[in-house]
Amino acid sequence: MDTTTWQPPLIWRAALLLARALVGLLARIEVTGDVPAHLRRGPLVLAANHISPFDPVVMIAACQTRGIAPRIMATAGLFRVPVLGAAMRHAGHIRVDRGTSAVHRALDDAATAVAAGSVILIYPEGRIGLDPGMWPERGKTGAARLALACGAPVIPVAQWGAHEVLPYRAPRGMLRGIARALWRRPVIRVRFGTPVDLGETAAATPGAARRATDRIVDALTDTLAPLRPDEPDGPRHVDPGRPADTSRAHRRRSA
């Protein structure tokens, strides 16, 4: 593997600082856990839970506090937004064309980025989760396949509270959500967990990606639990526009 360290461009380093300021304006952020110093510049896969459209800003702010500049695997729609799309391409983020034959290209691009020494941030659930209790859903296998193919470590990053800033259907209701956040300044908690033991040595082993994915989601769930000790069954803040879907409920693997 090429261990040349990828250097984040100036525009991305500035965005990291801006994200931290924005989160600080709308909420109180508490970041716990850490990433080992030798992994902060990659190669590394960060696997995060997904509960709100505000999650990427929160994750960027949290990473900035730990001296990490991750490249994000993001939906293709963001890359089509004027100005934002160009900025994301320049910053080195990775476009994911979900639901198309080009979706596999994203994993190839991510593998190349990891080989170049990057930190990749990915949401294993593949969407904003719709579990009624807002626990991590059954994951897609992309994060595990990437880690197994590259031999990169995976660190779970759990966060709780972003759903109190932006509603599920944002931009619908976005102004109301921001106004409420400015008034209440909810607490957003982020925790960097311990590296996940994927339990596999070869990506080609039958079922390896599925088993590794379940381990990652298990680790995400374990990392999230201490952030919401008084909300074990469901969130206090209920978003009426958020649908519920139990078809992808995650079942913890047997020990």
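**Exercise 1.** Which residue in E7 stands opposite Ile 29?

*Solution.* The model is predicted, so local features need pLDDT of at least 70 and side-chain atom pairs pLDDT 80 or more, whereas totals for chains, interfaces and linings use all residues. Residues are numbered from 1 along each chain as its sequence is written, and side-chain values use heavy atoms, without hydrogens and water.

Step 1. Strands (E, at least two residues) and helices (H or I, at least four) are DSSP runs numbered from the N terminus; two strands pair if DSSP finds at least two bridges between them.
Step 2. E1 pairs with strand E7 (residues 187-192) in the parallel sense, over six bridges.
Step 3. Opposite Ile 29 stands Ile 188 in E7.

**Exercise 2.** Determine how the buried residues of H5 are arranged.

*Solution.* Step 1. Buried means under 20% relative accessible area, exposed over 50%, and partly exposed in between (1.4 Å probe, protein chains only).
Step 1. Ala 106, Leu 107, Ala 110, Ala 113 and Val 114 of H5 are buried.
Step 2. Seen down the axis of H5, these buried residues fall within an arc of 120°, so they line one face of the helix; the arc is that of the directions from the helix axis to the C-beta atoms.
Step 3. The face turned away from the buried side of H5 carries the exposed residues Arg 105, Asp 108 and Thr 112.
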